[in-house]
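Please read the report below alongside the sequence and the three-dimensional view.

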Amino acid sequence: MKKLLATTLMLSSLSTQALVSNGDFENWTGNSADGWTTVDSGISLSPSSSEVHTGSHSAKVTVNTATQSNTDFRQNVSITSGSSYTFSVWVKHSEGGVKARLYVDGYQAYSDPSEVNQWQKISYSYTANTTGTIEVGLRFYDVSGFDGSEDVYVDDYAPVTSSSSGGSCNETVGTLALDTDNYGGETSWEIANSVNAIIANGSGYSSNTSYTEEFCLSNDNYRFTIFDSYGDGICCNVGSGAYTLTIDSNIVANGGQFASAETTSFNVGGSPSGDGANLSGYYASADGLSGYALKTELYNIIKGHSSQGYSALWSFYNNNERDNYFENDGSLLDIYSENPTGSDPYIYSNSGSQCGNYNSESDCYNREHSFPRSWFGGSLEPMNSDVHHIFASDGYVNSKRGSYPYGEVASASFTSQNASKLGSATSNLGYGGTVFEPIDEFKGDLARAYFYMATRYENVIAGWENNTSSSDAVLNGNANTVFEPWALDMLKRWHAQDPVSQKEIDRNNAAYSYQGNRNPFIDHPELVSEIWGN
């Protein structure tokens, strides 16, 4: 969870949200972290500015005992009966001889001590059955290899309100994800309603830091404005700053390149009027367009990204392709082994599991071109390293998928341990060959990757149809429609049935920082129907 900081909420505020005091560990009195009142004798705290998850400081916790009952530190937070909260914290192990355990009104989830020298997230969802206060915090446990003293770094202990029954936000939740540039103090923002009352704003940010701000909105017309006091925006000459404003899970504004200010108007509780796409910021030049003219302008916006090379994908996965959404264990997020509703059949915890040779599932993970590289002619740049369509995946399952089209399977010849399938297509698909079917959780992700490819490579994709029999089955040789009718119908259906997730939003933001362009169909899912129809 990224930290909530410098937000003024007025009118409809998240007043009953359980707020952890000094959860970002920015405020200290000597070696005492402000707001944290219970620190046992077996640990000592001090501020760290060298190992931080976000902001300027974290808490360096030195564990000096194997007596776990002497290793707690906690604080009290307020809760409201019927409200649900997701408490989370980021920890970084230095040696792997102790593990951290989340405390939320009792002892909850553990960290993985084997994940050393990298930040990992622990989280727990809690539903309050009374109104009052509970204790939250951490306890540390020794494991094999503990030498009597070990440092663990802790940052961004925070809650997120996930639902309410008479609780935290009975209206519409808005979220601003903000990555500051080299001059974070120059950035500020505000949201005003239809009578120009400022109902939320933020300022006072640190440089090169990620923030998430939350606020509550009633039905009304609003304008969001982001400011840069120097007048050069937050991207790209002075760092890779960016912002994304999400209202009720729909992205309404994003960008980073502007001068002194950039304003976006949006509506809560009503339907936008007018024809064509309602776009601003990064996509401003496509505003008002529809159909294939919109697609071409999106191509002009996202083309020319900075190719990082095929080998750099390993680093992107290690830094950004982590499971902070399902098990929240920080393992590499493999689309062909992830089990969204239970324990994963196996995990890849670090970059040392790269393929390599494999004989079965769980041997190693690979770089899966969801849009097979043979379709665009082999190891050709920039397609071959474009992270928007290349995902971490188990090597063995990746080999089973090969270059077959995605589809829906009637009779499986192979089923992976997370139920991805290879086999003959269903009779109602409109295609009679062999297809590979990912699990439902990632069908929308892959559909939006295909719509990205159709747009980013509009200038060349018409020539890919005849490269292989599989590309011929999916592509129609037209730069506008791009896909055969059966494939387009299926992709649109997958896009609708599996909406954009927080995982996709975070990955899209990371890809923008990594190679300098975005997937417009993650930022604006409505663009699929604007271009290809419902």
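## The disulfide

A search of the whole structure, which is a predicted model, turns up one disulfide, the term being used for a pair of cysteine sulfur atoms within 2.5 Å. A disulfide is a covalent bond between the sulfur atoms of two cysteines. Here the bond links Cys-355 to Cys-364, with an S to S distance of 2.0 Å. The torsion about the S-S bond of Cys-355 and Cys-364 is about 90 degrees, so this disulfide is right-handed.

Both partners can also be described by their cover, where buried means under 20% relative accessible area, exposed means over 50%, and partly exposed lies in between, with a 1.4 Å probe and protein chains only. Cys-355 is buried because its relative accessible area is 16%, and Cys-364 is likewise buried, at 2%.

## How the model is read

Residues are numbered from 1 along each chain as its sequence is written, and side-chain values use heavy atoms, with hydrogens and water left out. Because the model is predicted, local features need pLDDT of at least 70 and side-chain atom pairs count only at pLDDT 80 or more, while totals for chains, interfaces and linings use all residues.

## The chain as a whole

The chain holds nine helices and 28 strands; these are DSSP runs numbered from the N terminus, helices being H or I of at least four residues and strands E of at least two. The radius of gyration of the chain is 24 Å, close to the 24 Å that the globule rule gives for 534 residues, so the chain is as compact as a globular protein of that length. That radius is taken over C-alpha atoms, and the rule is 2.2 Å times the number of residues to the power 0.38.

Buried residues account for 55% of the 534 residues in the chain. Among contacts (heavy atoms within 4.5 Å) between residues at least 6 apart in sequence, 70% join residues at least 24 apart.

Strand 9 (residues 98-104) and strand 10 (residues 107-110) run antiparallel and are joined by two bridges. Arg-101 stands opposite Tyr-110 in strand 10, and Tyr-103 stands opposite Tyr-107 in that strand. The hairpin they form has two residues between the strands, and Asp-105 takes a positive phi near 55 degrees there.

Asn-76 belongs to strand 7 (residues 73-79) and counts as exposed because its relative accessibility is 54%. Not counting residues up to four places away in sequence, Asn-76 touches Ile-134 and Glu-135. Asn-76 and Thr-37, which are 39 residues apart in sequence, lie 8.7 Å apart in space from C-alpha to C-alpha.

Helix 4 is mostly covered, with 14 of its 14 residues buried.

Lys-503 is found in helix 7 (residues 502-515), and Lys-503 is buried because its relative accessible area is 9%. Leaving aside neighbours within four places in sequence, Lys-503 is in contact with Tyr-325, Phe-326, Leu-333, Phe-442 and Asp-445.

Note on methods: Two strands pair if DSSP finds at least two bridges between them.
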